[in-house]
Every structure is written in C-alpha cells, then in structure tokens.
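Have the model open and follow along.

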Amino acid sequence: MIKKLGIVSCLAVACAVISPSVVRAQSNAGFILFGGVKDSALDYCLDNGGSSRTDRYYLEVKPQKFKVSEIIITYPDHFTGSFDTSDIKLRITDQCRGGKDLEVASATWDKETRRVTVIPKEAIPSKTALRVVLSNVRNPDYSGFYQFDGRVLRADIPVPVYIGSWVITLD
C-alpha cells in the first residue's frame, strides 16, 4: 500500500511539473542550477509569458550604492521579439507591479546591438529599488529561455556597471 501511494505521489508531481499551466503570467528568476547567472539573477514578472504574444515585462533593478543615470538591457540574438520604445517606464518599487513612475528622458532600442537603453529625466538616487516596465513587447514565436543582461551607468563616473541578468522563460 505504501509503495502504491509513493508511486502515485511521484506521478502526480511529475504531471504537475510537465503539464501546461493554466496561469500564463510568469514571475521571478526561479531556480537556476547551472551557468554563471545563478548568483546574479534578477527578479522579473511578465503579464503573459506566452510565445507569439504581446506582453509586458517588469524587470527588477536592485538598489545601487550610487546614482544611476542610465539603464542598459541587452538580450541574446535568438530573441526575435520586438520592443515598443514609446511605452517604456521606470517605476520606484520593490514589487513587480505598482509603484511611482519616474519621468523618462529617452528610451531607445538598437536592433543591431540588441540593446534597450532607458535614460531617466533625472539621475536615480542611490539605494532606490526600481523596475523597468517594457510594455507592448512582442514575444518571439518560439518558447524558451532568454537571458537579458542588465547594466547601469553611474551618474558620477560614466562607467557601465553589470547589475545582473534576467533569465526570462516563455511558454
């Protein structure tokens, strides 16, 4: 009897792991077992999380010890999605959603270098938790893992500083 319960429990867990989820939104970096990213993984949330869909990304930028004048996001060449630079926001918050919007001076997307750059109107004070909100993102046609890397430009010394990576999973 105990063996049967053990087998049934294992099968239930296996089905839960491999079956598609009803909830489409994705959040957080999850468990990263391999690769150099696991120690520098940043949190994120997605409104949808499905391939070939329009989505909204909420990307965590942890508080820095210095003022931040620019946020730079790079993504891999196999990410074939697109970004709407007219709807990129910076929000002061340590949560996925909500918070206070900051004024953005400019947001650009360079397709050739696979880079999204967000420049706030005023430098972001040190020790400020925020999220980069990318709205109207067109997800790639294929599901998979996509490592987005984050850097910030210091306001005092214009040197890009690596802050971590978002390992984004699309269904």
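Strand 3 (residues 68–74) runs antiparallel to strand 7 (residues 115–120), with four bridges joining them. Strands here are DSSP runs of E, at least two residues long, numbered from the N terminus (helices are runs of H or I, at least four), and two strands count as paired if DSSP finds at least two bridges between them. Within this pair, Ile72 has Thr117 of strand 7 as its bridge partner.

A word on the source: this is a predicted model, so local features need pLDDT of at least 70 and side-chain atom pairs count only at pLDDT 80 or more, while totals for chains, interfaces and linings use all residues. Residues are numbered from 1 along each chain as its sequence is written, and side-chain values use heavy atoms, with hydrogens and water left out.

| Strand pair | Sense | Bridges | Facing residues |
|---|---|---|---|
| Strand 6 (residues 104–110) and strand 7 | antiparallel | six | Trp109 and Val116 |
| Strand 2 (residues 54–61) and strand 8 | antiparallel | seven | Leu59 and Val132 |
| Strand 4 (residues 88–92) and strand 8 | antiparallel | five | Arg91 and Arg131 |

Strands 6 and 7 make a hairpin with four residues between them, and there Arg114 takes a positive phi near 55°.

Zoom out and you get an open sheet of five strands in the order 6-7-3-9-10, with antiparallel pairing. Strand 6 and strand 10 (160–170) sit at the edges with a single partner strand each, so one side of each has no neighbour in the sheet. From one strand to the next, the twist averages 15° (axes are lines fitted to C-alpha atoms, and angles run from 0 to 180 degrees between N-to-C directions).

As for strand 8 (residues 130–138), seven of its nine residues are buried, so the rest of the structure largely encloses it. Buried means under 20% relative accessible area with a 1.4 Å probe, protein chains only.

Now for Asp149, in strand 9 (residues 144–154). What does its side chain pair up with in a polar contact? The partner is the side chain of Ser165, at 2.4 Å. Leaving aside neighbours within four places in sequence, Asp149 is in contact (heavy atoms within 4.5 Å) with residues including Ile72, Thr74, Tyr162 and Trp166.

Definitions and conventions. A polar contact is a pair of N or O atoms within 3.5 Å; within protein, one must be able to donate a hydrogen and the other to accept it, and residues adjacent in sequence count only if both atoms are side-chain atoms. Buried means under 20% relative accessible area, exposed over 50%, partly exposed in between (1.4 Å probe, protein chains only).
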